[in-house]
Amino acid sequence: DGEFSDPVSQKHYRIYRQDGRLRQEESIRTTAGAPLILCDLPVRYVIGSGSFSRSYLVDRDGCLFVSPATWYTAPKEWKLSPGYDRGNLGFQRPVLMRCLVCHAGRVESLERSPQRVALPALVIDCERCHGPGELHARKWDGVIAGQGTNSGPDETIFNPVHFDRQLGEDVCAQCHLHSA
């Protein structure tokens, strides 16, 4: 929980818990100095491990938006989310599919809308880098049960050891070293 202000936009952010849910509130001060709440939303998703930071996504009418408030681990403080220093859109900055594909396990667009999405896999799992794992799991179930063998490269899954270096690096570069 905490709060901070953005001196450029003159918006104030309060992060708090209500009924066990993390919420984020955006307000401005009236000329009389009283807070005028612009938005107060529950957090829907958390992005990041917390090693460097944690950013937050909110749901507005079935669409995902980036929260302007991010927790930064090293200084242990709330500050503006990345990109908000170039313009504070408040809770109206849509989450882009190209961002979600690196920060979630699997993303599916709904209703042909880039902001209406389903996240059938929240965490980044093995399949994100190694491809579908159904055949791989079946093969190893057979090996463990004594019905299969473990000889040679496993062609049921992508393993960069068995491909040229550039292809392996291309898989990693889908998310890492990719500029927005």
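A residue is called buried here when its relative accessible area is under 20%, exposed when that area is over 50%, and partly exposed in between, with a 1.4 Å probe and protein chains only. By this definition glutamate 25, at 9% relative accessibility, counts as buried. The structure is a predicted model, in which local features need pLDDT of at least 70 and side-chain atom pairs count only at pLDDT 80 or more, while totals for chains, interfaces and linings use all residues. Residues are numbered from 1 along each chain as its sequence is written, and side-chain values use heavy atoms, with hydrogens and water left out.

Leaving aside residues up to four places away in sequence, glutamate 25 touches His12, Tyr13, Arg14, Tyr16, Ile37, Cys39 and Asp40, where contact means heavy atoms within 4.5 Å.

We may turn next to the charged pairs. Side chains of opposite charge can pair when their charged atoms come close. A salt bridge is counted when a side-chain nitrogen of Lys or Arg is within 4 Å of a carboxyl oxygen of Asp or Glu, and the structure holds six of them. In one of these, the side chains of glutamate 26 and lysine 11 meet at 3.7 Å, N to O. Glutamate 26 belongs to strand S3 and lysine 11 to strand S2 (residues 11-18), so this pair ties together parts that are 15 residues apart in sequence. Glutamate 26 is buried at 5% relative accessibility, and lysine 11 is buried as well, with a relative accessible area of 15%.

Glutamate 25 also takes part in a salt bridge, its partner being arginine 14, with the closest N and O atoms 3.2 Å apart. Here too distant parts of the chain are linked, since glutamate 25 is in strand S3 and arginine 14 in strand S2, 11 residues apart. Arginine 14 counts as partly exposed, at 29% relative accessibility. A further salt bridge joins arginine 23 and aspartate 40, whose closest N and O atoms are 3.1 Å apart. That pair links arginine 23 in strand S3 with aspartate 40 in strand S4, 17 residues apart. Arginine 23 is buried at 16% relative accessibility, whereas aspartate 40 is partly exposed, with a relative accessible area of 27%.

Two strands are taken to pair if DSSP finds at least two bridges between them. Strand S3 (residues 21-29) and strand S4 (residues 35-47) run antiparallel and are joined by seven bridges; isoleucine 28 stands opposite leucine 36 in S4. The two strands form a hairpin with five residues between them, and glycine 33 in the turn has a positive phi of about 90°. S4 also pairs with S5, again in the antiparallel sense, over four bridges, and valine 43 has valine 58 in S5 as its bridge partner. Five residues separate the strands in the hairpin of S4 and S5, where glycine 48 takes a positive phi near 110°.

Aromatic rings provide a further set of contacts. Rings of Phe, Tyr and Trp (its six-membered ring) pair if their centres lie within 6.5 Å, with planes under 30 degrees apart counted as stacked, over 60 as edge-to-face and the rest as tilted. Four aromatic pairs are present. The rings of tyrosine 56 and tryptophan 78 have centres 5.6 Å apart and planes at 35°, so this pair is tilted. Tyrosine 56 lies in strand S5 (residues 53-60) and tryptophan 78 in strand S8 (residues 77-80), so the pair ties together parts that are 22 residues apart in sequence. Tyrosine 56 is buried at 6% relative accessibility, and tryptophan 78 is buried with a relative accessible area of 11%. Tyr56, Trp71 and Trp78 form one aromatic cluster.

Arginine 60 lies over the face of phenylalanine 65, at 5.9 Å from the ring centre, and lysine 79 lies over the face of tyrosine 72, at 5.3 Å.

Definitions and conventions: A charge sits over a ring if NZ of Lys or CZ of Arg is within 6 Å of the ring centre and within 35 degrees of the ring normal.
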